[in-house]
Amino acid sequence: MKEQIEALRREALDAIAAAGDLKALEETRVRLLGRKGRLTEILRGISQTPPEDRPVLGQAANAVKADITAAIEARRNALEAQAESERARAEWVDLSLPGRRPPRGHMHVINQVYDEILDIFHELGFQVATGPDVETEYYNFDSLNTPPDHPARDSHDTFFVKPGVVLRTHTSPVQMRVMEKTAPPVAVVVPGRVYRVDYDASHSPMFNQVEGLLVDEGVTFADLKGSLMLFIHRFFGRDTRVRFRPHFFPFTEPSAEVDISCTVCKGQGCRVCKHSGWLEILGCGMVHPNVFAYAKYDYEKYTGYAFGMGVDRIAMLRHAISSIGHLFENDLRFLEQF
Ligand code: DAH
């Protein structure tokens, strides 16, 4: 019996040391100490021995039980520590690694140019006004002194929505909408999308304009020139040369187109300015009395100037962009450059 108990101790300690993980260790524990375990069997066997031997055997068995229990406990602690350090290694995070930057968007180049233009006029006291993209023929043409039989109407290749309703071909109709609601003096700039049936490297069926309108007593063509020169020198730089060329628009009289010295060749002549040294950037003029009549403004008392410029064209000149299509295709490789 004594030998059995000693043999069990050695066997048990070997088995515990050999348990490779917590599950194996638990199986070993049950095999040794469980209700049908080896030690339980031995304890039962002691009751069959002569009574005078039992105390010694009982003590030996209890000592072995204590040793086995302690060994299991120690082994369990070791296995748990090992499992913990394995998990820590597997889940290790390097807190000193620099973070990954989330992709960051920015304003579209067209909106940047819009903002720059509007900021300059804002400083001059102009307020921003807007109007609808889907516009009536009345606002888009008639009230701007362009009746149905007027030849200028053909030059705006118009998208019709239904009879009497169009996609606005310019931002000028907002002039009328503002004047109908506001008594003079007015000073507004109007950013907006406009639409024409036109599509090539320099024309897009949708493009962007900024309209301007200033009405007060005693406004002259000198005011128009002064404001636009100031704008151009701020936007394109002080050394930009400017020329006003007589032109025709139905809603202004007199009218002019404004050219600036070519931003690419500085007036020497190149492909961009078609070797003229000049680039046309806007149309303008003194508001036609007929337009004031539609607005119910007293054209004996008030005069005003108006202008309209193409934002896409200005953005293309500023950034040497070769095709207007780039502005609308939303290729990030293009947009990220601005
Ligand atoms: N609306 C004209 C166009 O789109 C541009 C223009 C010319 C606007 C003269 C004006 C102006 O306000 O006075 O071609």
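Two strands count as paired if DSSP finds at least two bridges between them, and strands (E, at least two residues) and helices (H or I, at least four) are DSSP runs numbered from the N terminus. With that in hand, let us look at an open sheet of three strands, ordered β2-β4-β3 with antiparallel pairing. β2 (134-136) and β3 (160-162) stand at the edges with a single partner strand each, so one side of each has no neighbour in the sheet. Two bridges join β3 to β4 (residues 165-167), and Lys 162 stands opposite Val 165 in β4.

This is a predicted model, in which local features need pLDDT of at least 70 and side-chain atom pairs count only at pLDDT 80 or more, while totals for chains, interfaces and linings use all residues. Residues are numbered from 1 along each chain as its sequence is written, and side-chain values use heavy atoms, leaving out hydrogens and water.

Now to the helices. Helix α2 and helix α4 pack at an angle of about 170°, their axes 10 Å apart; axes are lines fitted to C-alpha atoms over the stretch in contact, and angles run from 0 to 180 degrees between N-to-C directions. That makes α2 roughly antiparallel to α4 (over 145 degrees). Contact here means heavy atoms within 4.5 Å.

| Helix | Residues | Contact residues |
|---|---|---|
| α2 | 22-33 | Leu 22, Leu 25, Glu 26, Arg 29, Leu 32, Leu 33 |
| α4 | 54-90 | Lys 65, Ile 68, Thr 69, Ile 72, Arg 75, Arg 76, Leu 79, Glu 80 |

Finally, Cys 262 lies in the loop between β8 (252-261) and β9 (278-287). Cys 262 is buried, at a relative accessible area of 1% (buried means under 20%, with a 1.4 Å probe and protein chains only). Beyond its neighbours within four places in sequence, Cys 262 contacts Gly 267, Cys 270, Cys 273, Gly 277, Trp 278 and Leu 279.

Methods
Buried means under 20% relative accessible area, exposed over 50%, partly exposed in between (1.4 Å probe, protein chains only). Angles under 35 degrees count as roughly parallel, over 145 as roughly antiparallel, 65 to 115 as roughly perpendicular and the rest as oblique.
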